[in-house]
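This report describes one protein structure in plain terms. Please look at the sequence and the 3D view before reading on.

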Amino acid sequence: MARATEAIIFRGTVVAALAAAVLAPVGLIIYQSFLSGPFFDPTATVGWDAFGFIFTDPDFYSAFGVTVIFAIGVVAIAVPLGAALAFLLTRTDLIGRKILEPLALVPMFLSAIVLGFGYTVSLGPSGLVSLGAERIFGFVPWNIYGLGGLILFGGLTHVPHVYLYASAAMRNIASDMEEAARTTGAGIWQVAWHVTWPLTFPALIFASMLNVLLAFESFGLPLILGDPAGTVVLTTYIYKLTALLGVPSYQLMAAVAVVLLALTFPLVFIQRRLLAQSRRYVTVGGKGARATRIHLGPTMQCVALAGVALWLLLAVVFPIGGIVVRAFVSAWGRGINIFEHLTLDNFRQLLIVPALARSLTNTVILAVVGGAIAVGAYLLVALAGHRWRGRFSSAIDYLVLLPKALPGLVVGLSFFWVFLFVPALQPLRPTLISLLIAYTIVGLSYGFRMIQANLLQVSPDLEEAARTAGATTGQTWRSVVVPIIRPGLIGAWTMMIIVFLREYATGVYLMTNGTEVLGSMIVSMIAGGSVDMIAALSFISIVFTLGGFVLALRLGVRVNE
Amino acid sequence: MIRSLERLAGCAAIILAATATISSPKASEYPADYAQLVAAAEKEGKVSIYAPTDPAQSKALMDAFNAKHPKIKVEWNDITAQALFSRIISEAAAGQVGGDIAWNVPDMQLKLVSMGHAVPYESPEAATVPEWGKYKGIAYATTIEPAVIMYNKTLTSEDKIPKTHDQLLDTLKNNAEAWRGKVATFDPEKSGTGFLWSRNNERLWPDFWTFVKEFGKVGGQVYSSSSQFKEKVLSGELLMAFDMNGAYAREWAKAAPNLGVIAFNDYTQAYSRVAFIIKDGKNPNAARVFLDFMLSQEGQRAVSNAGLPSVRRDVDNGNDIDDINALSNGKLKPIALGQDLIDDFDPKTRTTFLARWKRELGK
């Protein structure tokens, strides 16, 4: 009886805290969408005006349609490629996989705005690669602007989001299952299809959902790749609504955000239905069996390596190459020999501005220390939901995805309001803690799911064994469950470091003098046109992240294991 | 040589035009008890600035201010124009005002003034600000940022670039193929600056809407941030962009040899970054001292050395209002701070204007 009470108190507390942290900003946006003016304006009245406006605006419907197509396209590209990549790197003896593993995550390092700039410099109409192609073909054989380019590059750069979850799931599949299939004469692809794939299914379902949401709230890529061709998605439509009236009209922004939110519920519902029998996917049993890898023949090696190389070229080399070049030149493009314009001035400018130096320090602190704190918080939430068949267990699934379903700038604005208008939180606003809390909530869907996926794979047999031996739920978690998933926790931490390093939208409103962060500084600088500094900052952030990675590897952290 | 001739011609034009728009500099008169204000400001010890500014410019202003007032720490908040607006109205509503000085684009600033977020202050430097750059003793113009044409020198030459607004129309009409998809301006639908420029063009240029139609026909591009224009003209993706912020464009052209900048000869509109003291700010005295410094010759020189042309005539560093007027053939038309700017926020005015913009553009 005492055990049950302990668990109930723990679960109740965690779910209540989670609900408060998520629903405060989300609820504020919903409330705002039903008002005629800012929620803090006493003359604002309640009504449907904002929805009336957007639902009678033809631009809204076209943006809505484009958003849906974009999301479907991203999933159609990212999920198969991400799953294939995860399979190759975790379950086969692909040559060079040790190097490829960290490389596969690189597109995640970059904020979408930075990625977009990189693509413009390399593959844009006057890009370095484009001009090379023009010399060969007489014209530039591609156009990165428009819905096609947006889907292609959106899809390719979201592959890591799938790879990460799929590989975490695949790594934990005891290879005896695959071995069993192999000994009965099944080929590699049969094994992949009948054994690996079903076991990875929950991770892929989640990754698909996440990608749909990421596509819905994606802003940077549509801004840079969609805008020039007049391709408007819902997030860039919000941008337009803001300028339409000259001053931000929060109710219109909020109404679009609520539409995006409304789309999330059926998605999560479908996901829950698909994963209803999660017990089917238990893979870490009491018997420890580590992976042996599937042997690829020379032909398969070549085909697989060529595919991975092509993807790396498009999703890593071109955007990062673009940024690196841009960071070290003062001019580029048609009729320009970039070697005549090499310079270090872009970096020199950074050194003289204290806010920029501060933003680098703050970003690293938030990512490394904040990332660890966030993982601790996610672990508590994941444990609260673990093996819970209670009435509110489904609430966690919805709560976790809510913040990711909203456009980042809108969530950022809402957090700013929460810290501004809730008296108890006011002292936190000018500190990094406010950013940490906002980042932790925004990053929930990434980190929490990684931990949850790991937990799901721990066989209940182990927990039951501990209970039989007299352990309480808390003791079972501390002594059995958490140690088993420790590699998963370290992987989640690495993940949060990356997510926090490249985050840009959340801090735009919240950051203040002393709490500047890199990504949000870049957003502030885009309007002014300090592209030289933006390129240099982006370059530094790439170096930081790569440096962190190399350090982690040196220290023996197995990335995303 | 050519440049100095141009300047000479420009100066002559100023004299001939007997400019009504630009008043002669007047001396600033600091009251005898100004030291008391400075002492009170030093007691506050800091001043918080809300401004979307390039780091180089904010740094220049901060350094110059700190050199003169080392006891007043400047806390700079570099946030976007929209975020600045949101922050000021939200903080006021929450009773948590965090800024002392707001420094932003003119229309949004006057809108905030009209909403009661600014406090009046008769700066001793007020006499040095042109009449059109002052609003009700509350808000002051601090810069003069002209709308210019920026073009790619490697891919086109100056003689192909139009020099007047009517030439711009003719150029697009007569050489449609050469300019197809290669000419751009700010998007009035997505950018407040774009709206400001376009709306002002409508007032100053009888053929504006005819032009918009031609601009649409040649597949004219629209973007919403200066950085996008810079990269696209720099790389040759665009040949020419008009109504760019000349303050930025001139700085860029110094570093990038393939960027060319020219101003229109018939009229060159210009806006000013406007500063005011935020109501209920925590450091009201430091705010006054800072605003005075922003308007002072010293402060203006620091900012204009870093790129933003001074609204004062006596800065004499090659980047003050006289230089910008010379660049514009003596036809500088600053956007005056007045009720017009506030009236343009009327939703009906804006939606009517933007609906016509889309219609004429053929979108």
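Which residues in the largest nonpolar core touch the most other members? They are A:Y165, A:A166, A:Y378, B:I101 and B:M150, in a core of 300 residues. Helix α3 (residues 58–91) of chain A gives the largest share of this core, with 17 residues. The model is predicted, not determined by experiment.

Leaving aside residues up to four places away in sequence, A:Y165 touches A:A203, A:F206, A:A207, A:R449, A:M450 and A:A453.

**Chain A**

Chain A has 27 helices and zero strands. Its radius of gyration is 24 Å, close to the 24 Å that the globule rule gives for 561 residues, so chain A is as compact as a globular protein of that length. The C-alpha trace of chain A spans about 70 × 65 × 45 Å along its principal axes. Of the 561 residues in chain A, 53% count as buried. When contacts in chain A between residues at least 6 apart in sequence are considered, 80% of them join residues at least 24 apart.

A:L225 is an example from this chain. A:L225 lies in helix α12 (residues 220–226) of chain A. Is A:L225 buried or exposed? A:L225 is buried, because 29 other C-beta atoms lie within 10 Å and 20 or more are enough to count as buried. In sequence, A:L225 and A:L150 are 75 residues apart, but in space they are 5.9 Å apart, C-alpha to C-alpha. A:L150 is also one of the residues that A:L225 touches, and others among them are A:G116, A:Y119, A:I144 and A:F153.

**Where the chains meet**

The contact between the chains takes 49 residues from chain A and 55 residues from chain B. On the side of chain A that touches chain B, the elements giving two or more residues include α13 (234–244), α17 (354–385) and α27 (531–554) of chain A. The largest share of that side, six residues, comes from α26(A). By class, the side of chain A that touches chain B has 30 nonpolar, 16 polar and three charged residues.

**Chain B**

The domain assignment divides chain B into domain 1 (22–144 + 272–330) and domain 2 (147–268 + 344–361). The centres of these two domains of chain B, taken over C-alpha atoms, are 29 Å apart. Their contact takes 12 residues from domain 1 of chain B and 11 residues from domain 2 of chain B. On the domain 1 side, helix α5 (residues 106–114) of chain B gives the most, with three residues. That side of domain 1 has six nonpolar, four polar and two charged residues.

Strand β12 (residues 268–271) of chain B is covered on both faces. On one side are B:T268 and B:A270, on the other B:Q269 and B:Y271, and all are buried.

| Partner of β12(B) | Sense | Bridges |
|---|---|---|
| β7(B), residues 145–152 | antiparallel | two bridges |
| β14(B), residues 332–334 | parallel | three bridges |

Single residues show these pairings. B:Y271 in β12(B) is the bridge partner of B:E145, and B:L332 in β14(B) is the bridge partner of B:T268.

How values were computed: Residues numbered from 1 in each chain as written. Chains lettered and ligands numbered in written order. Predicted model: local features only at pLDDT ≥ 70, side-chain atom pairs only at ≥ 80, totals over all residues. Contact = placed C-beta atoms within 7 Å. Helix = DSSP H or I, 4+ residues; strand = E, 2+ residues; numbered from the N terminus. Nonpolar A, V, L, I, M, F, W, Y, C, P; charged D, E, K, R; others polar. Domains from an automatic or database assignment. Rg over C-alpha atoms; globule rule 2.2 N^0.38 Å. Buried ≥ 20, exposed ≤ 12 C-beta atoms within 10 Å, placed from the backbone. Core = buried A, V, L, I, M, F, W, Y, C linked by C-beta atoms within 7 Å. Pairing = 2+ DSSP bridges.
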